[in-house]
Amino acid sequence: MDMGVSIRTMHRAIKEDLALRAYTKKKYQYLNDSNKLNRLDRCAKLLKRYSKKSVENILFTDEKIFTIEEKSNKQNNKVYSKSSKLIDKKHLKITRSHSPSQVMIWAGISIKGKTPLHFVEPGVKMNAIYYKEKILEKIVMPLNDTLFNGEDWTFQQDSAPPHKDKTTQAWLKNFDPDFINSQEWPPASPDLNPLDYSIWSILETKVCSKCHKNL
């Protein structure tokens, strides 16, 4: 603008003369020095502890909040038209509100199969008591005889407050001989859980492809 160069000329210079391409910035998890050391140490221990075969018997679990609003990826969700005037405005808008209705869902998955989805009742706080009674005792405990059919298996969860609560950790020690406790899981490493890096996003894209009227 200061040099009086038109946008079209600048685009042509960048694309044709300089042969430059635009790259989108991505979000990354911040790790301090302590996080890096702990992550490396704990990952090495987990790799040593679990062989490729035993990983097949790990049940990865996680919770996620879904809202009634449409989920959209700005880069991939586009509308093509010869002119913006020809597009119905509703196709260019994604509605957002201050406090959309939402529901928390718990799920577990392994190579052996998946658990039932558990919907946390609206207004109910997910604390250690609820987690043990509604999820660990009702869903996880029966998996010994159903999903894993009496085989040895490992239970994995992240470090959410209800998970690392002392009573939860004690319950897991009594119930399951092998689980990855809160002190063994690498810090700030959501990519180690397939629910985090793949399944939740795929499910959200399908479930929230459009805005829902109610929960």
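**Exercise 1. Aromatic pairs**

Task: how many aromatic pairs does the structure hold, and what geometry does the pair of W153 and F175 have?

Solution. 
- Start with the criterion: rings of Phe, Tyr and Trp (its six-membered ring) pair if their centres lie within 6.5 Å; planes under 30 degrees apart are stacked, over 60 edge-to-face, and the rest tilted.
- By this test the structure holds four aromatic pairs.
- W153 and F175 make an edge-to-face pair, with 6.3 Å centre to centre and 70 degrees between the planes.
- The pair links distant parts of the chain, 22 residues apart: W153 sits in the loop between α4 and β5, F175 in helix α6.
- Helices (H or I, at least four residues) and strands (E, at least two) are DSSP runs, numbered from the N terminus.
- F148, W153, W171 and F175 form one aromatic cluster.
- Next, burial: buried means under 20% relative accessible area, exposed over 50%, partly exposed in between (1.4 Å probe, protein chains only).
- W153 is buried, at 5% relative accessibility.
- F175 is buried too, at 17%.

The model is predicted: local features need pLDDT of at least 70, side-chain atom pairs count only at pLDDT 80 or more, and totals for chains, interfaces and linings use all residues. Residues are numbered from 1 along each chain as its sequence is written, and side-chain values use heavy atoms, with hydrogens and water left out.

**Exercise 2. Helix α4**

Task: what does α4 span, what caps its N-terminal end, and what do its buried residues pack against?

Solution. 
- Expected span is 1.5 Å times one less than the number of residues.
- For the 13 residues of α4 (residues 128-140), a straight helix would span 18 Å; α4 spans only 15 Å between its end C-alpha atoms.
- N127 caps the N-terminal end: a side-chain oxygen lies 3.3 Å from the backbone nitrogen of I129. A polar contact is a pair of N or O atoms within 3.5 Å; within protein, one must be able to donate a hydrogen and the other to accept it, and residues adjacent in sequence count only if both atoms are side-chain atoms.
- The buried residues of α4 are A128, Y130, Y131, K132, I135, L136, I139 and V140.
- They pack against β1 (58-67), β2 (102-110), β4 (118-119), β5 (154-156), α5 (161-164) and α6 (166-175). Contact means heavy atoms within 4.5 Å.

**Exercise 3. Serine 110**

Task: is S110 buried or exposed, and what does S110 touch?

Solution. 
- S110 lies in strand β2.
- At 11% relative accessibility, S110 is buried.
- A polar atom of its side chain lies 3.0 Å from the backbone nitrogen of K112.
- Leaving aside neighbours within four places in sequence, S110 contacts E56, I58, L59, L147 and F148.

**Exercise 4. Cysteines**

Task: how many disulfides does a search of the whole structure find?

Solution. 
- A disulfide is a pair of cysteine sulfur atoms within 2.5 Å.
- The search finds zero.
- For C208, the closest cysteine sulfur is in C211, 9.0 Å away, too far for a bond.
- C208 is buried, at 2% relative accessibility. C43 is partly exposed, at 24%.
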